[in-house]
Amino acid sequence: MRFRRGVVLTALAFVLVGCGVGVRPTGVIDAGEPASGLTRGKRLYYASDTGLRAVPLLDRENDTLDAVMKLLAQGPTAAERREGLTTLLHAPSGYTVTGDGPRVTVTLEGPYWAQPRDRATGQLVCTLASFQSVREAEVRADHVEVTISPGEGPELGPLRCAEFLDR
């Protein structure tokens with residue numbers, strides 16, 4: 001006698017339910033806090049009403065840290081702006097960005113334009129950490145330290161992205 005697979009599975013399900021074997025309600029199960037921290041991948045960090053938000057770069061080829069600085073200063077796309085994202089950074093007049101392992105240094109020709117612990121600095125630090133971890137595969141983004149060395153004024157850092165994510 002030949003049975004169709006669907007008929008057999010349906011019959012088996014009825015038998016199991018009839019025997020008391022089946023899905024029983026369990027109530028709410030607390031699984032802890034949601035995952036947090038930095039993830040791997042090229043991301044620009046923009047400011048929002050709730051803090052910094054990461055935006056993945058899926059369609060742009062940018063492999064240099066200098067190019068990332070320019071993208072960040074350009075600000076979010078129109079769609080991202082509609083979601084409430086903005087950039088607090090402006091393009092500096094002259095700068096170089098170098099990365100080696102878990103260290104990134106931004107050297108400015110002039111003064112630094114933001115405060116050491118504000119969201120603008122967080123945008124810069126988190127974005128550079130994200131890209132450096134992609135450039136150097138063995139480096140985790142949350143281990144990257146960014147130092148900002150202005151032509152005028154004190155050096156800032158080393159700074160890590162985690163310092164800015166809860167603001």
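Q: In which strand is the place of Pro158?
A: This is a predicted model, in which local features need pLDDT of at least 70 and side-chain atom pairs count only at pLDDT 80 or more, while totals for chains, interfaces and linings use all residues. Residues are numbered from 1 along each chain as its sequence is written, and side-chain values use heavy atoms, with hydrogens and water left out. The peptide bond that leads from Gly157 to Pro158 is cis, with omega near 10°. Strands are DSSP runs of E with at least two residues, helices are runs of H or I with at least four, and both are numbered from the N terminus; the run of residues 156–159, which holds Pro158, is strand β6.

Q: In what order do the elements of the protein run from the N terminus on?
A: The protein has four helices and six strands. Read from the N terminus on, these elements follow the order α-β-β-α-α-β-β-α-β-β.

Q: What percentage of the contacts in the protein with a separation of 6 or more is between residues 24 or more positions apart?
A: A contact here means heavy atoms within 4.5 Å. Among contacts with a separation of 6 or more, the share from residues 24 or more positions apart is 65%.

Q: What percentage of the 167 residues in the protein is buried?
A: A residue is buried when its relative accessible area is under 20%, exposed when it is over 50%, and partly exposed in between, with a 1.4 Å probe and protein chains only. Under that definition, the buried part of the 167 residues is 37%.

Q: Which residue forms a salt bridge with Glu83?
A: A salt bridge requires a side-chain nitrogen of Lys or Arg within 4 Å of a carboxyl oxygen of Asp or Glu, and by this rule the count comes to four. In the one that involves Glu83, the closest N and O atoms are 3.1 Å apart, the partner being Arg53. The pair links distant parts of the chain, 30 residues apart, with Glu83 in the loop between α3 (78–82) and β3 (95–100) and its partner in strand β2 (residues 51–56). Glu83 is exposed at 51% relative accessible area, whereas 31% makes for a partly exposed residue in the case of Arg53.

Q: Where in the chain is Glu145, which forms a salt bridge with Arg160?
A: The closest N and O atoms of Arg160 and Glu145 are 3.3 Å apart. The two residues are 15 residues apart and link distant parts of the chain, Arg160 being in the segment after β6 and Glu145 in strand β5 (residues 145–149).

Q: Which residue has its backbone nitrogen reached by the side chain of Ser130?
A: Ser130 lies in helix α4 (residues 119–135) and counts as buried, at 1% relative accessibility. Leaving aside neighbours within four places in sequence, its contacts include Gly41, Tyr45 and Ala141. At 2.9 Å, the side chain of Ser130 reaches the backbone nitrogen of Arg43.

Q: Which cysteine forms a disulfide with Cys126?
A: By the rule that a disulfide is a pair of cysteine sulfur atoms within 2.5 Å, the count comes to one. Its sulfur atoms are 1.9 Å apart, joining Cys126 and Cys161, and the link is right-handed, with 100° about the S-S bond. The pair links distant parts of the chain, 35 residues apart, Cys126 being in helix α4 and its partner in the segment after β6. Both are buried, with relative accessible areas of 0% for Cys126 and 1% for Cys161.

Notes
A polar contact is a pair of N or O atoms within 3.5 Å; within protein, one must be able to donate a hydrogen and the other to accept it, and residues adjacent in sequence count only if both atoms are side-chain atoms.
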